[in-house]
Amino acid sequence: MRALKKTVLIVEDEHLIAMGLSAQIEDMGLQVCATADSAERAVAEALTHRPAIVLMDVRLRGEKDGIDAAKAIHDGVGSKVIFITGSREQKTIERIGLDHPFATLFKPISDRQLRAAVNDAMRDVDHV
Amino acid sequence: MSLYDWLFNPSGLTPHGFCLLWAPGLIVLHAVSDAVIGLAYFSIPWALASFVAQRKDLEYGWVIQLFVAFILACGTTHFMSILTLWSPVYGIEGIIKLITAGLSIATAVILWPLIPKLVALPSGSQLKLLNSQLACTGQEQERTAQLLRESETQVRKSNTELENRVKERTAELEAANARLSHALEQRDLLLREVYHRVKNNLQVIDSIVTLQARRLSDPDAQNALQGLRRRLYALGLVHQQLMSSSDLKTFDVAPFLKELSENIIEGIGGRDISLSVHAIPLDVGLDFAIPLGLLVTELVTNSLKHAFPDGNGRIEVLLDRRDDGTMVLVVSDNGSGYDILEASRKEKAPGLGSTLIDGLVSQLKATINIRRTNGTISEVLFVHDEAP
């Protein structure tokens, strides 16, 4: 498997939230490789950019959701997936749990939570 | 004279006809009368014996047998009277009379004590009456049985009807229950969706504020926007807690206050601040949690901004219930001591923080008391009714 790049892919169907997350990631000194608003786009961008980290919303445009996309990205690219979800429903959380998530954050996410999760994930990538 | 001769050898005695001087009229009269009596006396016991023989069920049948013997004996004495008209067999006649006497006296003696018992025997008419009464009772019983059978049928019919109605009602209730469950599920789904939308919108606003802050160079303006983000976070966190609660109405305040306070301290980063949050378990609803969350946000922010010029210190958040039921929220620090309300009174235009604290205290119908002893202690007293 080819090496991952120290970039972040943001998957979020609300474009303003995606832009806010991008700003927060850039403020941490990291680079955002792309943003995607559907599961298909997310998988395509991940295959193209091979990001170390994917910030993944659960609800996305189209039939498939973030959990489907995360599985494909985990299997095909190996990026660390940090879920950002508005849902706290047991069903969703259980499905996420089956999907090798690196972390799961619940909206509203604070700068602190995001920073901590991204830093941990990046450290993990560095160790590989 | 031997006993045998005395009985069977009457020579020397005269026949009874002799006493009648052999008058043909008298002889004939006695002979015919005794013959008729004797025949009648033989006929009566025959009839009685035949009656007893045919009625095997007779009580005291032996008394009739005794009558039979007694009357037969009487009849025999009349035939002996005829015989003695011509032959003087008075010994044999005497023996037969003796037998008759024995039978008569035995019958007479036995009969008297038997009378009450015989009287007690039910007569035919009594039996008939009893029988008819019995027949009446039987008919009565048959009617009762008929009535019973009819009511049994009625009861069985009513029972079946009742069972059917219960079945129908149960089915209706089950259907209503299913509709209600469905409506409840729909309600929960809708509530979750609403909370989800609210949170998403807050996240959108937060993103806009973040993007705006990056474009500003003025530190005061940037700080103001960071303050706005902290308040938005408090609102969002309330909805996040509500969405994960089982009843979608209330949640435990303790983890909420901890998460909220930690976020503020981390947000105004770059300092070495220790935080402790202690709250009693308390289920709170939206109406109470929002002003409380915002108030804690202001008070903790205030300590962070003013208490620690050298960048390290300790902040404590405490929520407790006093013995009289009053709730008390305490936010304290071990910093340099700063009373935001007093400071704002000294200035001409009060700051946003103190204005918000005033408003939130009013909203909670609370009183606030800020003391400066070894740091700042803000104490808020209020009444909290348990969420229904």
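How does Arg143(B) count at 47% relative accessibility: buried, partly exposed or exposed? Arg143(B) counts as partly exposed, and point 7 comes back to this residue. Here are my notes on the two chains.

1. **Confidence in the model.** Please keep in mind that this is a predicted model. Its scores are ipTM 0.84 and pTM 0.63. Chain A has a mean pLDDT of 88, with 96% of its residues reaching 70 or more. For chain B the average is 89, and 97% of the residues score at least 70. In chain A, helix H4 (residues 90-97) has the lowest mean pLDDT of the elements, 80, and strand E2 (residues 31-36) the highest, 95. In chain B, the lowest element mean belongs to helix H10 (residues 340-346), at 73, and the highest to strand E5 (residues 327-333), at 94.

2. **Chain A as a whole.** Five helices and five strands make up the elements of chain A. Read from the N terminus, their order is β-α-β-α-β-α-β-α-β-α. Of the 128 residues in chain A, 55% are buried. Among contacts in chain A with a separation of 6 or more, 65% are between residues 24 or more positions apart.

3. **Chain B as a whole.** Chain B holds eleven helices and seven strands. Of its 388 residues, 35% count as buried. Contacts between residues 24 or more positions apart account for 69% of those in chain B with a separation of 6 or more.

4. **The interface.** Here 22 residues of chain A are in contact with 25 residues of chain B. The two chains bury about 2,300 Å² between them, and carbon and sulfur atoms give 52% of that area. On the side of chain A, the residues that lose the most area to chain B are Arg88(A), Pro108(A) and Arg112(A), together 28% of what that side buries. There are 15 residue pairs in polar contact across the interface, both residues being at pLDDT 80 or more. Helix H1 (15-27) and helix H5 (111-127) of chain A each supply at least two residues of the side that touches chain B. H1(A) gives the largest share of that side, eight residues. By class, the side of chain A that touches chain B has seven nonpolar, six polar and nine charged residues.

5. **Charges across the interface.** Side chains of opposite charge can pair when their charged atoms come close. One to look at is Arg112(A) with Glu259(B), whose closest N and O atoms are 3.0 Å apart. Both residues belong to a network of salt bridges that also links Lys258(B) and Glu262(B).

6. Arg95(A) and Asp65(A) meet through their side chains in a salt bridge, at 3.0 Å from N to O. The pair links distant parts of the chain, 30 residues apart: Arg95(A) is in helix H4, and Asp65(A) is in the loop between E3 and H3. Asp65(A) counts as buried because its relative accessibility is 16%, which is under the 20% cut-off. Arg95(A), with a relative accessible area of 37%, is partly exposed. Leaving aside residues up to four places away in sequence, Asp65(A) touches Ala39(A), Val58(A), Leu60(A) and Arg95(A).

7. **Two pairs within helices.** In helix H5 of chain A, Arg123(A) and Asp120(A) lie three residues apart, about one turn of the helix. Their side chains form a salt bridge of 3.1 Å, N to O. Arg123(A) is partly exposed at 45%, and Asp120(A) is partly exposed at 35%. In chain B, the side chains of Arg143(B) and Glu140(B) meet in a salt bridge of 2.8 Å, N to O. These two are separated by about one helical turn because they are three residues apart in helix H6 (residues 124-214). Glu140(B) is partly exposed, with a relative accessible area of 43%.

8. Val43(A) sits in helix H2 (residues 39-49) of chain A. At 21% relative accessibility, Val43(A) counts as partly exposed, since buried means under 20%. Beyond residues up to four places away in sequence, Val43(A) touches Ala69(A), Ala72(A) and Ile73(A). Val43(A) and Ala69(A) are 26 residues apart in sequence, with 6.1 Å from C-alpha to C-alpha.

How values were computed: Residues are numbered from 1 along each chain as its sequence is written. Chains are lettered from A and ligands numbered from 1 in the order in which they are written. Side-chain values use heavy atoms; hydrogens and water are left out. Helices (H or I, at least four residues) and strands (E, at least two) are DSSP runs, numbered from the N terminus. Buried means under 20% relative accessible area, exposed over 50%, partly exposed in between (1.4 Å probe, protein chains only). Contact means heavy atoms within 4.5 Å. Buried area is the accessible area (1.4 Å probe) that two parts lose on being put together, summed over both. A salt bridge is a side-chain nitrogen of Lys or Arg within 4 Å of a carboxyl oxygen of Asp or Glu. A polar contact is a pair of N or O atoms within 3.5 Å; within protein, one must be able to donate a hydrogen and the other to accept it, and residues adjacent in sequence count only if both atoms are side-chain atoms. Ala, Val, Leu, Ile, Met, Phe, Trp, Tyr, Cys and Pro count as nonpolar, Asp, Glu, Lys and Arg as charged, and the others, Gly among them, as polar. pLDDT is the predictor's confidence in each residue, from 0 to 100.
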